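Biologist: Please pick one part of this structure and describe its surroundings closely. After that, go on to the packing and the helices.

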Amino acid sequence: MRALGILTVRNEGAFLLEWLAHHRAAGFTDLLVFSNDCDDGTDAMLDRLAALGWLTHLRNDGPHAEGPQWAALKRADRHPAREAADWIMVLDVDEFVNVAVGDGTLAALLASVPAATAIAITWRMFGNGGIERYEDAPVRAQFTRAAPRVLWWPWQAVQIKTLFRNDGSFRKLGVHRPKQPDPARRPVWVDGSGQPLPDGFARGFHGLGLDPYGLVQINHYALGAMESTVLKADRGRANREATSFDLAYVVERNFAAEEDRSILRLEPQVAPLLTELLADPVLGPLHRAAVAWRRARFAALMTQEPWRRLYGRLLLAAPSRVLTRAEAQRLWRLAPAP
């Protein structure tokens, strides 16, 4: 079984090796990675990883009118790796697939839902937990406080990414779900607990209100440490060339209601892979240079009042309160009728 992960990165060299080691251990056999306009050496790291046989790297420098991620997905649709894959998933570097069944791998997940064509895997947001400083340490072990298993509000925090069978049911890739379903087929959609989803799910429903994490979830470390949040705002988001970034983004993601260390079940497999990568005579220095770049970039941003104010606001802000079901229902009722 060939499982293809598709990733787009910019200035993420400090996090890249952990992400790769985890997803190799989780069962992704092939990785197609696009880099765009990197200043921290991420693209050089990817060149080395490609030479070592870890992945396929394509440069995707801008400008891109539709955003770098959409431009990358158009290219991925035409790439031989897409044709060769049995299963495909589009991911970001702050998203980690966390399988709860069997040995924690994609093979175990797929064995638990053998009829599925597409698995809608829901984000579980992991907030900053009050961590201020960026540290060169695995994010999976640093950030262990997450949103509750049932989160009623906001829908932005419970979106999905899709692991789908590459059998012709979908003609094009998409950020959250594959696009252009073949009308002659009826894909079988399930959620992360293996429960069937309605046919219309493929066309526009973004999140799931109930607990969809029985078999698999995506640990979404959207914020990282507060310093990393500032750098993320500086970088911009992958599916947009530029975007406004304010505390609204943080408040809708900074949850710390429950402890969840389940992803560390794969650590015995991840740790040796990460050690191997860091010991490489090319990758090790490039990783350390990317770490140094992050620290230098943050220091430079702190000389500018708008960025210093953002960091100050992050220091002031507490983890987001979890709304009750009644509060969320009232918010939905306040929305104007379509």
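This is a predicted model: local features need pLDDT of at least 70, side-chain atom pairs count only at pLDDT 80 or more; totals for chains, interfaces and linings use all residues.

Modeller: A polar contact is a pair of N or O atoms within 3.5 Å, and within protein one must be able to donate a hydrogen and the other to accept it. The side chain of asparagine 11 reaches the backbone nitrogen of aspartate 40 at 3.3 Å. A polar atom of that side chain also lies 2.6 Å from the backbone nitrogen of aspartate 39. Asparagine 11 sits in the loop between strand 1 (3-9) and helix 1 (13-26). With a relative accessible area of 6%, asparagine 11 is buried, because buried means under 20%. Leaving out residues up to four places away in sequence, asparagine 11 touches Asp37, Cys38, Asp39, Asp40, Thr42, Trp293 and Arg294.

Two of the helices can be described as a pair. Helix 2 (residues 42-51) and helix 10 (residues 283-301) have axes that come within 10 Å and cross at roughly 160°. The two helices are therefore roughly antiparallel to each other, and helix 2 passes helix 10 in a left-handed crossing. Ala44, Met45, Arg48 and Leu49 in helix 2 meet Leu283, Leu286 and His287 in helix 10.

Next, the nonpolar packing. The largest nonpolar core has 78 residues, of which Leu20, Leu49, Ile119 and Leu163 touch the most other members. Helix 1 gives the most to this core, with nine residues. Apart from this core lies another, of 21 residues, among them Ala76, Ala120, Val175 and Trp189. Beyond its neighbours within four places in sequence, isoleucine 119 is in contact with residues including Leu109, Leu110, Val113, Leu163 and Val216.

Terms used. Residues are numbered from 1 along each chain as its sequence is written. Side-chain values use heavy atoms; hydrogens and water are left out. Helices (H or I, at least four residues) and strands (E, at least two) are DSSP runs, numbered from the N terminus. Buried means under 20% relative accessible area, exposed over 50%, partly exposed in between (1.4 Å probe, protein chains only). Contact means heavy atoms within 4.5 Å. A nonpolar core is a set of buried Ala, Val, Leu, Ile, Met, Phe, Trp, Tyr and Cys residues joined through side-chain atoms within 4.5 Å. Axes are lines fitted to C-alpha atoms, for helices over the stretch in contact, and angles run from 0 to 180 degrees between N-to-C directions. Angles under 35 degrees count as roughly parallel, over 145 as roughly antiparallel, 65 to 115 as roughly perpendicular and the rest as oblique. A crossing is left-handed if the near helix is turned anticlockwise from the far one by less than a right angle, and right-handed if clockwise.
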